[in-house]
Amino acid sequence: MFAAAALAISLMSHPALPALKTATTTTVESTQSLESGKRRPAVSSRRHHSRRIAARVNSRRGRTSRFRRIVFPFTPLKGSRESMLRQNERTFGDDLERIQDDDQLQLLTENKELVDLPESESVRIAANLPVERRYCRPWTRTFIDDMSHEYHSQFGVPLQVNSAVRTVQVQKKLRRRNRNAAMIDGDVASPHLTGAAIDIARRGMSKSQIKWMRDYLLSLRDAGQIDVAEEFRTRCFHITVYKEYELARLESPGSLAAPVKVIETSSEVPPGPTAEPIRVLENEDLQQTH
């Protein structure tokens, strides 16, 4: 009993035990610090890796946006250089000059060589089109009246004219901010400079309305009475109307410029002041809506 008590007292008073405890504690703490030190670079490495991936993706997106290819939908009314050449040739054949400035524009309006754009329940004018440029050639106005009336009868909504006559001064300003604007001179100059061209808004049209416009304009283009290009950047139908449209319209009133078939008959004509070949007009196609 006395031996056990003496052993307990000696153990409690032994000087090496606290040092051993302290060393053990220090060893555990250093091991934990080493382990924590090993983990920290791993976490940092993952973060840097994710940042590098994000930077790489953003870089690829930037390159893609710079070299992105724009694909426009198919249209039978696609514009071309050949079409622009034809428009310039035909408008000069109609004895039209390019309007240089506002003074010349005012002179043409006073002489009635340019007339006001129509504005009714079937056709409206864009609010941002300046008043001094709301003019066009007389046959172009006739075309707008005819087409807008048919369109309104079909869909119950008006067509909108976005652009009409322009002067060379206006076209120069337009080319500074719009790289797609046509030239002011040469064989591919803008037909708007003659007052024969207009832009009809395409924005907001349904698929059935766009199809109707394409069919209507395509038939007149094939008849050689207009030239047209469906533009997707500005979302409009660019239309140049020729004098041929009004001439065909006068030959067959109410036919919307549809070609009239003339047939020479072989029946005998009684003599007299009215003795001339009988002309029979076949207007079977005139009531069709294009």
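Predicted model: local features only at pLDDT ≥ 70, side-chain atom pairs only at ≥ 80, totals over all residues.
**Aromatic pairs and an open sheet**

Let me begin with W212, which is buried, with a relative accessible area of 7%.

The ring of W212 forms an aromatic pair with that of F155, in an edge-to-face arrangement with 6.2 Å from centre to centre and 85° between the planes. The pair links distant parts of the chain, since F155 belongs to helix α5 and W212 to helix α7, which covers residues 207–222, and the two are 57 residues apart. F155, for its part, is partly exposed, with a relative accessible area of 24%. Both residues belong to one aromatic cluster, which is formed by Y151, F155, W212 and Y216.

The count of aromatic pairs in the model comes to five. Another of them joins F143 and Y245, again edge-to-face, with the centres 5.5 Å apart and the planes at 85°. F143 lies in helix α5, residues 138–155, and Y245 in helix α8, residues 243–251, so this pair ties together parts of the chain that are 102 residues apart in sequence. F143 counts as buried at 0% relative accessibility, and Y245 is likewise buried, with a relative accessible area of 0%.

One further ring deserves a mention, that of Y242, over which the charged end of R90 sits, 4.0 Å from the ring centre.

Turning now to the strands, we have an open sheet of five, in the order β2-β4-β5-β7-β6 and with mixed pairing. Strands β2, residues 123–125, and β6 stand at the edges with a single partner strand each, so one side of each is left without a neighbour in the sheet. From one strand to the next, the twist averages 30°.

Within the sheet, β4, residues 159–163, and β5, residues 197–201, pair in the antiparallel sense over two bridges, and V161 has I200 in β5 as its bridge partner.

What, then, of β6, residues 226–231, is it mostly covered or mostly exposed? Five of its six residues are buried, and the strand is thus mostly covered, although β6 stands at an edge of the sheet. Six bridges join β6 to β7, residues 236–241, and the two strands run antiparallel, with E231 standing opposite C236 in β7. Together they form a hairpin with four residues between the strands, and in the turn R235 has a positive phi of about 55°.

How values were computed:
Residues numbered from 1 in each chain as written. Heavy atoms only, no water. Phe/Tyr/Trp six-rings, centres within 6.5 Å; stacked < 30°, edge-to-face > 60°. Buried < 20%, exposed > 50% of the residue type's maximum accessible area, 1.4 Å probe, protein only. Lys NZ or Arg CZ within 6 Å of the ring centre and 35° of its normal. Pairing = 2+ DSSP bridges. Axes fitted to C-alpha atoms, helices over the stretch in contact; angles between N-to-C directions.
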